[in-house]
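Please look over the structure shown here.

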Amino acid sequence: MALTWRVHATLSRSAANGPGTRFVVWAQGCTLGCPGCFNPETHGAGGDVRTVEEVAREVLATSGIDGVTVSGGEPLEQPAALREFCALVRPSGLGIVVLTGFARREIEADPELSAAVESADTVIAGRFNARLRLGAGLRGSSNKEYWAITDGTHRPISRTSRRAR
Ligand code: SF4
């Protein structure tokens, strides 16, 4: 049976969600409850129920994009869908950025969450902290961590050098 994904919205071309022009998927649903969250309409359990394959096909049929950003909502609360989506998109060579409220240590401690981001290039990880809010950029607040899974060309960074970053 096709794996489904609850999606809040997609945008074919965005210049405001990472490097270059990017396809953006906002996953639906988040239970992390960061005070001051700027996207509360993505928290509920609704959203469009789509197959992961359908969303990936839409990405691969979009011309003129440099990469894909998956945001939310909380993409890692649907880890199987995120994992499959990244695996389907990755062979195209498009860079994949995942924004999550989970901290890197939480992801690394959970095999299902780790697997969900194994085909991403960069994860921006950590709860939004309104006191540390940033006016620009992707992080939202300065406590959130840029975590490079690959060197940006889909080559994995070795575990040793990953930890040194
Ligand atoms: S993880 Fe993201 S969507 Fe969820 S409450 Fe925090 S800022 Fe909002």
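Not counting residues up to four places away in sequence, Ser14 touches Gly20, Thr21, Arg22 and Val24, contact meaning heavy atoms within 4.5 Å. This is a predicted model, in which local features need pLDDT of at least 70 and side-chain atom pairs count only at pLDDT 80 or more, while totals for chains, interfaces and linings use all residues. Residues are numbered from 1 along each chain as its sequence is written, and side-chain values use heavy atoms, with hydrogens and water left out.

**Ser14**
- Ser14 belongs to strand 1 (residues 4-14), a strand being a DSSP run (E) of at least two residues, numbered from the N terminus.
- Ser14 counts as buried because its relative accessibility is 6%; buried means under 20% relative accessible area, exposed over 50% and partly exposed in between (1.4 Å probe, protein chains only).

**Thr4**
- Thr4 also lies in strand 1.
- With 42% relative accessibility, Thr4 is partly exposed.
- Thr4 and Arg50 are 46 residues apart along the chain, yet their C-alpha atoms are separated by 5.4 Å.
- Apart from neighbours within four places in sequence, Thr4 contacts Val49, Arg50, Thr51, Val52 and Ala81.

**Ligand**
- Around the ligand are Cys30, Leu32, Gly33, Cys34, Cys37, His43, Gly73, Glu74, Gly101 and Phe128, where a residue counts if one of its heavy atoms lies within 4 Å.
- This shell comprises five nonpolar residues, four polar and one charged; Ala, Val, Leu, Ile, Met, Phe, Trp, Tyr, Cys and Pro count as nonpolar, Asp, Glu, Lys and Arg as charged, and the others, Gly among them, as polar.

Definitions and conventions:
Helices (H or I, at least four residues) and strands (E, at least two) are DSSP runs, numbered from the N terminus.
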